[in-house]
Amino acid sequence: MSKASWYKALPQISLCLLAFTIPFPYMYGAIATIFLIVSWLVQFQFKTTFSNLKERKILWLWVGFFLLHAISYFYSENKDQSLFDLQSKLSILILPVIVGAGMSITSKQLEQIFLAFVIAMSLISLGCLSQAIYLWQSGAGTHVFFYHDLINGLEANAVYEAWYTIFSLGILLFHKWEYYWKGKFKYLKIAFTILQIVFFVLLSSRMLILLFFLVLIPFYGKKAVKSFSKVKVAVTAIALALLGTSLLVTDNPIKQRYQNLIQMDTGLAWRQDYHGVEEGQFSNLTLRLFLWRLGYENISENNLWLTGAGNGDAQHLQNERMADYGIPNMRNPEKWYSPFHNANLHNMYMQAFVMIGLPGLILMLLIAVLPFFYINKKDNLNAFLIFHIVALLFFMQEAALQTQAGIIYYSFFSSLYWNIVLKKVNN
(Lines give C-alpha, C1' and ligand atoms only; values in the text may rest on other atoms or scores of the structure.)
Protein backbone atom coordinates (compact mmCIF):
# COMPACT_ATOMS: atom_id res chain seq x y z
CA MET A 1 0.00 0.00 0.00
CA SER A 2 1.40 3.42 -0.99
CA LYS A 3 2.02 6.26 1.45
CA ALA A 4 -1.00 8.13 0.08
CA SER A 5 -3.21 5.05 0.54
CA TRP A 6 -2.08 4.63 4.13
CA TYR A 7 -2.80 8.30 4.76
CA LYS A 8 -6.33 7.98 3.39
CA ALA A 9 -6.93 4.73 5.26
CA LEU A 10 -5.73 6.10 8.61
CA PRO A 11 -9.18 7.24 9.90
CA GLN A 12 -10.74 3.87 9.09
CA ILE A 13 -7.84 2.02 10.71
CA SER A 14 -8.29 4.13 13.83
CA LEU A 15 -12.05 3.41 13.95
CA CYS A 16 -11.46 -0.34 13.64
CA LEU A 17 -8.71 -0.21 16.25
CA LEU A 18 -10.96 1.58 18.73
CA ALA A 19 -13.79 -0.91 18.13
CA PHE A 20 -11.34 -3.77 18.67
CA THR A 21 -9.88 -2.41 21.92
CA ILE A 22 -13.16 -1.55 23.67
CA PRO A 23 -13.70 -4.99 25.33
CA PHE A 24 -10.12 -5.07 26.64
CA PRO A 25 -8.86 -3.10 29.69
CA TYR A 26 -9.89 0.52 29.24
CA MET A 27 -6.28 1.73 28.96
CA TYR A 28 -6.17 0.31 25.42
CA GLY A 29 -9.40 2.05 24.50
CA ALA A 30 -7.97 5.34 25.76
CA ILE A 31 -4.84 4.87 23.63
CA ALA A 32 -6.98 3.99 20.60
CA THR A 33 -9.08 7.12 21.19
CA ILE A 34 -5.92 9.26 21.12
CA PHE A 35 -4.88 7.56 17.88
CA LEU A 36 -8.34 8.34 16.47
CA ILE A 37 -7.97 12.02 17.40
CA VAL A 38 -4.55 12.19 15.74
CA SER A 39 -5.82 10.47 12.58
CA TRP A 40 -8.62 13.05 12.37
CA LEU A 41 -6.28 15.99 12.95
CA VAL A 42 -3.83 15.01 10.22
CA GLN A 43 -6.66 14.79 7.67
CA PHE A 44 -7.40 18.52 8.10
CA GLN A 45 -11.15 17.94 7.70
CA PHE A 46 -12.05 20.72 10.11
CA LYS A 47 -14.32 22.63 7.73
CA THR A 48 -16.28 19.50 6.80
CA THR A 49 -16.50 18.45 10.43
CA PHE A 50 -17.94 21.72 11.65
CA SER A 51 -20.25 21.96 8.64
CA ASN A 52 -21.63 18.50 9.48
CA LEU A 53 -21.83 19.38 13.15
CA LYS A 54 -23.84 22.47 12.28
CA GLU A 55 -26.35 20.36 10.34
CA ARG A 56 -26.46 17.35 12.68
CA LYS A 57 -28.00 19.17 15.61
CA ILE A 58 -28.66 16.02 17.62
CA LEU A 59 -24.92 15.82 18.24
CA TRP A 60 -25.24 19.11 20.10
CA LEU A 61 -26.92 17.16 22.91
CA TRP A 62 -23.59 15.47 23.63
CA VAL A 63 -21.72 18.77 23.49
CA GLY A 64 -24.31 20.33 25.80
CA PHE A 65 -24.13 17.42 28.24
CA PHE A 66 -20.36 17.84 28.54
CA LEU A 67 -20.62 21.64 28.78
CA LEU A 68 -23.04 21.37 31.71
CA HIS A 69 -20.42 19.30 33.52
CA ALA A 70 -17.80 21.91 32.62
CA ILE A 71 -19.99 24.76 33.92
CA SER A 72 -20.56 22.84 37.14
CA TYR A 73 -16.82 23.13 37.81
CA PHE A 74 -17.36 26.74 38.80
CA TYR A 75 -19.86 25.92 41.56
CA SER A 76 -18.20 22.68 42.71
CA GLU A 77 -16.14 23.15 45.86
CA ASN A 78 -13.95 20.14 45.09
CA LYS A 79 -12.18 21.45 41.98
CA ASP A 80 -9.78 18.49 41.78
CA GLN A 81 -12.62 15.98 41.63
CA SER A 82 -14.44 18.14 39.08
CA LEU A 83 -11.38 18.28 36.82
CA PHE A 84 -10.89 14.53 37.16
CA ASP A 85 -14.50 13.93 36.17
CA LEU A 86 -14.21 16.26 33.16
CA GLN A 87 -11.03 14.55 32.02
CA SER A 88 -12.64 11.12 32.23
CA LYS A 89 -15.63 12.38 30.20
CA LEU A 90 -13.72 14.02 27.37
CA SER A 91 -14.80 11.22 25.01
CA ILE A 92 -18.41 12.40 25.46
CA LEU A 93 -17.35 15.61 23.74
CA ILE A 94 -14.68 14.31 21.34
CA LEU A 95 -16.23 11.18 19.84
CA PRO A 96 -19.56 12.73 18.73
CA VAL A 97 -17.60 15.53 17.01
CA ILE A 98 -14.96 13.33 15.35
CA VAL A 99 -16.94 10.13 14.68
CA GLY A 100 -20.41 11.64 14.43
CA ALA A 101 -19.50 14.60 12.23
CA GLY A 102 -15.85 14.41 11.25
CA MET A 103 -15.63 11.23 9.19
CA SER A 104 -17.38 9.75 6.17
CA ILE A 105 -18.27 6.11 6.80
CA THR A 106 -19.48 3.80 4.02
CA SER A 107 -21.46 0.59 4.48
CA LYS A 108 -18.29 -1.45 3.88
CA GLN A 109 -16.36 0.56 6.45
CA LEU A 110 -19.19 0.05 8.96
CA GLU A 111 -18.91 -3.70 8.41
CA GLN A 112 -15.16 -3.52 9.01
CA ILE A 113 -15.75 -1.72 12.31
CA PHE A 114 -18.39 -4.27 13.30
CA LEU A 115 -16.04 -7.09 12.28
CA ALA A 116 -13.24 -5.70 14.48
CA PHE A 117 -15.59 -5.52 17.48
CA VAL A 118 -17.00 -9.01 16.92
CA ILE A 119 -13.52 -10.53 16.59
CA ALA A 120 -12.42 -8.80 19.80
CA MET A 121 -15.44 -10.13 21.69
CA SER A 122 -14.80 -13.62 20.31
CA LEU A 123 -11.18 -13.50 21.47
CA ILE A 124 -12.26 -12.29 24.90
CA SER A 125 -14.86 -15.08 25.10
CA LEU A 126 -12.40 -17.76 24.01
CA GLY A 127 -9.67 -16.50 26.34
CA CYS A 128 -11.88 -16.30 29.42
CA LEU A 129 -13.53 -19.67 28.83
CA SER A 130 -10.14 -21.31 28.19
CA GLN A 131 -8.79 -19.84 31.42
CA ALA A 132 -11.84 -21.07 33.35
CA ILE A 133 -11.45 -24.59 31.93
CA TYR A 134 -7.74 -24.61 32.86
CA LEU A 135 -8.44 -23.42 36.42
CA TRP A 136 -11.26 -25.95 36.83
CA GLN A 137 -9.05 -28.81 35.67
CA SER A 138 -6.39 -27.59 38.09
CA GLY A 139 -8.75 -28.09 41.00
CA ALA A 140 -10.73 -24.88 41.24
CA GLY A 141 -14.48 -25.00 41.76
CA THR A 142 -17.11 -24.40 39.10
CA HIS A 143 -17.39 -20.80 40.29
CA VAL A 144 -14.57 -19.95 37.85
CA PHE A 145 -17.09 -20.27 34.99
CA PHE A 146 -19.43 -17.56 36.29
CA TYR A 147 -19.76 -13.82 36.71
CA HIS A 148 -16.67 -11.88 37.84
CA ASP A 149 -14.59 -15.04 38.29
CA LEU A 150 -15.00 -15.81 34.59
CA ILE A 151 -13.15 -12.63 33.56
CA ASN A 152 -10.54 -12.76 36.33
CA GLY A 153 -7.36 -11.03 35.17
CA LEU A 154 -9.07 -9.00 32.46
CA GLU A 155 -9.37 -5.88 34.65
CA ALA A 156 -12.98 -5.55 33.58
CA ASN A 157 -16.47 -5.76 35.04
CA ALA A 158 -18.62 -8.78 34.15
CA VAL A 159 -21.74 -6.65 33.69
CA TYR A 160 -20.00 -4.35 31.23
CA GLU A 161 -18.54 -7.30 29.31
CA ALA A 162 -22.07 -8.71 29.09
CA TRP A 163 -23.23 -5.30 27.79
CA TYR A 164 -20.64 -5.46 25.02
CA THR A 165 -21.41 -9.09 24.22
CA ILE A 166 -25.13 -8.66 23.74
CA PHE A 167 -24.43 -5.93 21.15
CA SER A 168 -21.84 -8.15 19.45
CA LEU A 169 -24.48 -10.88 19.25
CA GLY A 170 -26.91 -8.33 17.84
CA ILE A 171 -24.37 -7.55 15.11
CA LEU A 172 -23.79 -11.23 14.33
CA LEU A 173 -27.48 -12.07 14.24
CA PHE A 174 -29.07 -8.98 12.67
CA HIS A 175 -26.59 -7.14 10.50
CA LYS A 176 -26.96 -8.02 6.82
CA TRP A 177 -23.35 -8.73 5.97
CA GLU A 178 -22.58 -7.75 2.38
CA TYR A 179 -18.79 -7.99 2.30
CA TYR A 180 -17.73 -10.49 4.98
CA TRP A 181 -18.60 -13.98 6.26
CA LYS A 182 -18.95 -15.25 2.71
CA GLY A 183 -18.42 -18.85 1.62
CA LYS A 184 -16.86 -21.10 4.24
CA PHE A 185 -16.41 -18.14 6.58
CA LYS A 186 -20.12 -18.28 7.38
CA TYR A 187 -19.34 -21.30 9.58
CA LEU A 188 -16.85 -19.18 11.53
CA LYS A 189 -19.64 -16.67 12.08
CA ILE A 190 -21.83 -19.46 13.49
CA ALA A 191 -18.96 -20.58 15.75
CA PHE A 192 -18.43 -17.02 17.00
CA THR A 193 -22.15 -16.68 17.72
CA ILE A 194 -22.32 -19.91 19.74
CA LEU A 195 -19.12 -19.02 21.61
CA GLN A 196 -20.42 -15.58 22.56
CA ILE A 197 -23.83 -16.88 23.63
CA VAL A 198 -22.13 -19.29 26.05
CA PHE A 199 -19.86 -16.53 27.34
CA PHE A 200 -22.75 -14.10 27.67
CA VAL A 201 -24.94 -16.48 29.67
CA LEU A 202 -22.09 -17.42 32.01
CA LEU A 203 -21.41 -13.75 32.71
CA SER A 204 -24.70 -13.92 34.63
CA SER A 205 -25.95 -10.36 34.28
CA ARG A 206 -29.56 -10.72 35.36
CA MET A 207 -31.07 -7.82 33.46
CA LEU A 208 -29.10 -8.46 30.28
CA ILE A 209 -29.96 -12.17 30.25
CA LEU A 210 -33.64 -11.18 30.50
CA LEU A 211 -33.17 -8.80 27.57
CA PHE A 212 -31.47 -11.59 25.64
CA PHE A 213 -34.52 -13.85 25.97
CA LEU A 214 -37.22 -11.15 25.86
CA VAL A 215 -35.82 -8.84 23.17
CA LEU A 216 -32.96 -10.31 21.16
CA ILE A 217 -34.36 -13.83 20.74
CA PRO A 218 -37.88 -12.70 19.65
CA PHE A 219 -36.29 -10.31 17.12
CA TYR A 220 -34.14 -13.12 15.81
CA GLY A 221 -37.11 -15.50 15.72
CA LYS A 222 -39.03 -13.06 13.54
CA LYS A 223 -36.07 -12.84 11.17
CA ALA A 224 -35.55 -16.62 11.17
CA VAL A 225 -39.16 -17.40 10.23
CA LYS A 226 -38.91 -15.07 7.23
CA SER A 227 -35.44 -15.97 6.01
CA PHE A 228 -34.44 -19.49 7.07
CA SER A 229 -35.53 -23.00 6.14
CA LYS A 230 -37.93 -24.83 8.42
CA VAL A 231 -35.15 -27.22 9.48
CA LYS A 232 -32.83 -24.39 10.50
CA VAL A 233 -35.64 -22.62 12.37
CA ALA A 234 -36.49 -25.84 14.21
CA VAL A 235 -32.89 -26.58 15.16
CA THR A 236 -32.35 -23.02 16.40
CA ALA A 237 -35.59 -23.07 18.40
CA ILE A 238 -34.73 -26.40 20.01
CA ALA A 239 -31.23 -25.21 20.94
CA LEU A 240 -32.54 -22.02 22.55
CA ALA A 241 -35.32 -23.93 24.33
CA LEU A 242 -32.76 -26.36 25.75
CA LEU A 243 -30.59 -23.45 26.89
CA GLY A 244 -33.50 -21.74 28.62
CA THR A 245 -34.75 -24.97 30.17
CA SER A 246 -31.31 -25.88 31.50
CA LEU A 247 -31.07 -22.52 33.23
CA LEU A 248 -34.49 -23.01 34.80
CA VAL A 249 -34.35 -26.64 35.97
CA THR A 250 -30.72 -27.13 36.96
CA ASP A 251 -29.11 -25.85 40.13
CA ASN A 252 -26.73 -23.23 38.76
CA PRO A 253 -25.35 -19.85 39.91
CA ILE A 254 -27.35 -17.98 37.27
CA LYS A 255 -30.67 -19.36 38.52
CA GLN A 256 -29.53 -18.74 42.09
CA ARG A 257 -28.99 -15.04 41.32
CA TYR A 258 -32.63 -14.73 40.24
CA GLN A 259 -33.87 -16.70 43.24
CA ASN A 260 -31.93 -14.41 45.57
CA LEU A 261 -33.55 -11.44 43.88
CA ILE A 262 -37.07 -12.83 44.36
CA GLN A 263 -36.48 -13.78 47.99
CA MET A 264 -34.76 -10.52 48.86
CA ASP A 265 -35.95 -8.27 51.66
CA THR A 266 -35.58 -4.71 50.31
CA GLY A 267 -36.26 -3.19 53.74
CA LEU A 268 -32.52 -2.70 54.21
CA ALA A 269 -32.60 0.08 51.61
CA TRP A 270 -35.05 2.20 53.64
CA ARG A 271 -33.68 2.12 57.19
CA GLN A 272 -33.05 5.26 59.17
CA ASP A 273 -30.03 3.86 61.04
CA TYR A 274 -27.20 1.80 59.54
CA HIS A 275 -24.89 1.52 62.53
CA GLY A 276 -23.57 -2.02 62.65
CA VAL A 277 -24.69 -2.83 59.08
CA GLU A 278 -21.87 -4.48 57.12
CA GLU A 279 -21.15 -4.32 53.40
CA GLY A 280 -22.04 -7.98 52.85
CA GLN A 281 -25.61 -7.42 54.06
CA PHE A 282 -26.37 -5.36 50.95
CA SER A 283 -27.26 -7.12 47.73
CA ASN A 284 -26.87 -5.56 44.30
CA LEU A 285 -30.53 -4.53 44.37
CA THR A 286 -30.71 -3.19 47.93
CA LEU A 287 -27.49 -1.24 47.42
CA ARG A 288 -28.92 0.39 44.29
CA LEU A 289 -32.19 1.24 46.02
CA PHE A 290 -30.24 2.70 48.93
CA LEU A 291 -28.05 4.85 46.66
CA TRP A 292 -31.02 6.06 44.60
CA ARG A 293 -32.84 6.97 47.79
CA LEU A 294 -29.87 9.00 49.00
CA GLY A 295 -29.58 10.72 45.62
CA TYR A 296 -33.21 11.82 45.69
CA GLU A 297 -32.92 12.98 49.31
CA ASN A 298 -29.86 15.05 48.44
CA ILE A 299 -31.66 16.66 45.48
CA SER A 300 -34.76 17.45 47.52
CA GLU A 301 -33.19 18.62 50.77
CA ASN A 302 -30.38 20.64 49.15
CA ASN A 303 -32.62 22.12 46.43
CA LEU A 304 -30.47 20.77 43.61
CA TRP A 305 -33.28 20.62 41.06
CA LEU A 306 -31.88 23.20 38.66
CA THR A 307 -28.10 23.03 38.95
CA GLY A 308 -27.30 19.80 40.75
CA ALA A 309 -24.46 19.57 43.24
CA GLY A 310 -21.77 19.96 40.60
CA ASN A 311 -19.68 17.14 39.16
CA GLY A 312 -17.05 17.76 41.83
CA ASP A 313 -19.33 17.59 44.87
CA ALA A 314 -21.92 14.91 44.09
CA GLN A 315 -19.81 12.11 45.57
CA HIS A 316 -19.10 14.17 48.69
CA LEU A 317 -22.82 14.74 49.25
CA GLN A 318 -23.47 11.01 48.92
CA ASN A 319 -20.62 10.19 51.29
CA GLU A 320 -21.85 12.67 53.89
CA ARG A 321 -25.38 11.35 53.75
CA MET A 322 -24.20 7.77 54.19
CA ALA A 323 -22.10 8.88 57.14
CA ASP A 324 -25.13 10.62 58.68
CA TYR A 325 -27.08 7.35 58.40
CA GLY A 326 -24.34 5.48 60.22
CA ILE A 327 -22.42 3.74 57.43
CA PRO A 328 -18.98 3.21 59.04
CA ASN A 329 -15.63 4.56 57.77
CA MET A 330 -17.12 7.29 55.59
CA ARG A 331 -15.25 10.18 57.29
CA ASN A 332 -11.56 10.16 58.15
CA PRO A 333 -11.22 6.42 58.83
CA GLU A 334 -8.32 5.13 60.90
CA LYS A 335 -7.36 2.40 58.39
CA TRP A 336 -9.46 2.51 55.24
CA TYR A 337 -12.59 3.97 53.75
CA SER A 338 -15.84 2.06 53.46
CA PRO A 339 -16.34 0.25 50.10
CA PHE A 340 -19.31 2.62 49.66
CA HIS A 341 -17.05 5.69 49.77
CA ASN A 342 -17.29 7.65 46.48
CA ALA A 343 -19.72 5.09 45.02
CA ASN A 344 -21.63 6.33 41.99
CA LEU A 345 -25.41 6.09 42.01
CA HIS A 346 -25.64 3.03 39.72
CA ASN A 347 -28.24 4.85 37.64
CA MET A 348 -27.07 7.21 34.90
CA TYR A 349 -30.26 9.24 34.87
CA MET A 350 -30.13 9.83 38.62
CA GLN A 351 -26.38 10.46 38.44
CA ALA A 352 -26.88 13.22 35.88
CA PHE A 353 -29.69 14.70 37.99
CA VAL A 354 -27.57 14.84 41.15
CA MET A 355 -24.51 16.20 39.34
CA ILE A 356 -25.94 18.79 36.94
CA GLY A 357 -29.63 19.08 37.77
CA LEU A 358 -32.78 18.80 35.72
CA PRO A 359 -31.16 20.14 32.49
CA GLY A 360 -28.60 17.33 32.70
CA LEU A 361 -31.31 14.73 33.27
CA ILE A 362 -33.27 16.01 30.26
CA LEU A 363 -30.19 15.85 28.01
CA MET A 364 -29.37 12.35 29.26
CA LEU A 365 -32.91 11.17 28.50
CA LEU A 366 -32.82 12.75 25.03
CA ILE A 367 -29.46 11.10 24.26
CA ALA A 368 -30.90 7.71 25.24
CA VAL A 369 -34.36 8.05 23.65
CA LEU A 370 -33.97 10.05 20.42
CA PRO A 371 -32.17 7.27 18.49
CA PHE A 372 -35.45 5.33 18.32
CA PHE A 373 -37.06 8.08 16.25
CA TYR A 374 -34.42 7.67 13.52
CA ILE A 375 -33.94 3.91 13.45
CA ASN A 376 -36.02 3.53 10.25
CA LYS A 377 -34.23 6.29 8.37
CA LYS A 378 -31.77 3.80 6.90
CA ASP A 379 -31.84 0.09 6.12
CA ASN A 380 -29.87 -2.52 8.02
CA LEU A 381 -29.83 -0.86 11.44
CA ASN A 382 -31.34 -3.69 13.48
CA ALA A 383 -28.06 -4.24 15.33
CA PHE A 384 -28.14 -0.60 16.42
CA LEU A 385 -31.74 -1.07 17.56
CA ILE A 386 -30.51 -3.75 19.97
CA PHE A 387 -27.68 -1.43 21.03
CA HIS A 388 -30.04 1.41 21.93
CA ILE A 389 -32.71 -0.72 23.63
CA VAL A 390 -30.12 -2.33 25.86
CA ALA A 391 -28.39 0.99 26.64
CA LEU A 392 -31.67 2.73 27.53
CA LEU A 393 -32.39 0.06 30.16
CA PHE A 394 -28.77 -0.48 31.20
CA PHE A 395 -28.53 3.16 32.25
CA MET A 396 -31.26 2.44 34.81
CA GLN A 397 -28.98 0.09 36.75
CA GLU A 398 -25.52 1.48 36.00
CA ALA A 399 -24.06 5.00 35.93
CA ALA A 400 -22.29 3.89 32.78
CA LEU A 401 -21.05 7.32 31.77
CA GLN A 402 -19.13 7.58 35.03
CA THR A 403 -16.72 4.85 33.94
CA GLN A 404 -14.27 4.66 31.04
CA ALA A 405 -15.67 1.21 30.23
CA GLY A 406 -19.05 2.80 29.53
CA ILE A 407 -18.05 6.24 28.25
CA ILE A 408 -15.90 5.15 25.31
CA TYR A 409 -18.14 2.24 24.30
CA TYR A 410 -21.44 4.13 24.32
CA SER A 411 -20.06 7.40 22.94
CA PHE A 412 -18.28 5.61 20.10
CA PHE A 413 -21.08 3.39 18.83
CA SER A 414 -23.76 6.02 19.38
CA SER A 415 -21.67 8.53 17.38
CA LEU A 416 -21.18 5.90 14.69
CA TYR A 417 -24.95 5.42 14.55
CA TRP A 418 -25.60 9.15 14.18
CA ASN A 419 -22.98 9.39 11.43
CA ILE A 420 -24.79 6.72 9.41
CA VAL A 421 -28.33 7.96 10.07
CA LEU A 422 -27.86 11.70 9.80
CA LYS A 423 -25.77 11.41 6.65
CA LYS A 424 -28.80 9.79 4.99
CA VAL A 425 -31.22 12.36 6.40
CA ASN A 426 -29.17 15.43 5.54
CA ASN A 427 -28.17 14.28 2.09
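**Group meeting: an all-helix predicted model**

Okay, let's start with contacts, meaning heavy atoms within 4.5 Å: among those in the protein chain between residues at least 6 apart in sequence, 75% join residues at least 24 apart. Quick housekeeping: this is a predicted model, where local features need pLDDT of at least 70 and side-chain atom pairs count only at pLDDT 80 or more, while totals for chains, interfaces and linings use all residues. Residues are numbered from 1 along each chain as its sequence is written, and side-chain values use heavy atoms, with hydrogens and water left out.

So, the overall picture. The protein chain has 18 helices and zero strands; those are DSSP runs, H or I of at least four residues for helices and E of at least two for strands, numbered from the N terminus. The radius of gyration is 23 Å, close to the 22 Å that the globule rule gives for 427 residues, so the chain is as compact as a globular protein of that length. That radius is taken over C-alpha atoms, and the rule is 2.2 Å times the number of residues to the power 0.38. Along the principal axes, the C-alpha trace spans about 65 × 60 × 40 Å. And 52% of the 427 residues count as buried, which is under 20% relative accessible area, with exposed over 50% and partly exposed in between (1.4 Å probe, protein chains only).

Now the inside. The largest nonpolar core has 123 residues, and Trp-163, Phe-395 and Phe-413 have the most contacts inside it. A core here is a set of buried Ala, Val, Leu, Ile, Met, Phe, Trp, Tyr and Cys residues joined through side-chain atoms within 4.5 Å. Leaving out residues up to four places away in sequence, Trp-163 touches Leu-208, Val-390, Ala-391, Phe-394, Phe-395, Ala-400, Gly-406, Tyr-409 and Tyr-410. There's also a second, separate core of 16 residues, including Leu-291, Ala-323, Ile-327 and Phe-340.

Val-390, Ala-391 and Phe-394 are among the buried residues of helix 17, so let's go there. Ten of that helix's 13 residues are buried, so it is largely enclosed by the rest of the structure. Helix 17 reaches 18 Å from its first C-alpha to its last, close to the 18 Å expected at 1.5 Å a residue; the expected span is 1.5 Å times one less than the number of residues.

On to rings. How many aromatic pairs does a search of the whole structure find? The count is 45, where rings of Phe, Tyr and Trp (its six-membered ring) pair if their centres lie within 6.5 Å, and planes under 30 degrees apart count as stacked, over 60 as edge-to-face and the rest as tilted. Take Phe-167 and Phe-384, a tilted pair at 6.1 Å centre to centre and 35° between the planes. Phe-167 lies in helix 9 and Phe-384 in helix 17, so the pair ties together parts that are 217 residues apart in sequence. Phe-167 is buried at 1% relative accessible area, and Phe-384 is buried at 1% too.

Last stop, charges over rings: NZ of Lys or CZ of Arg within 6 Å of the ring centre and within 35 degrees of the ring normal. The charged end of Lys-79 sits over the Tyr-73 ring, 4.6 Å from its centre. Arg-293 has its charged end over the ring of Tyr-325, 4.6 Å from the centre.
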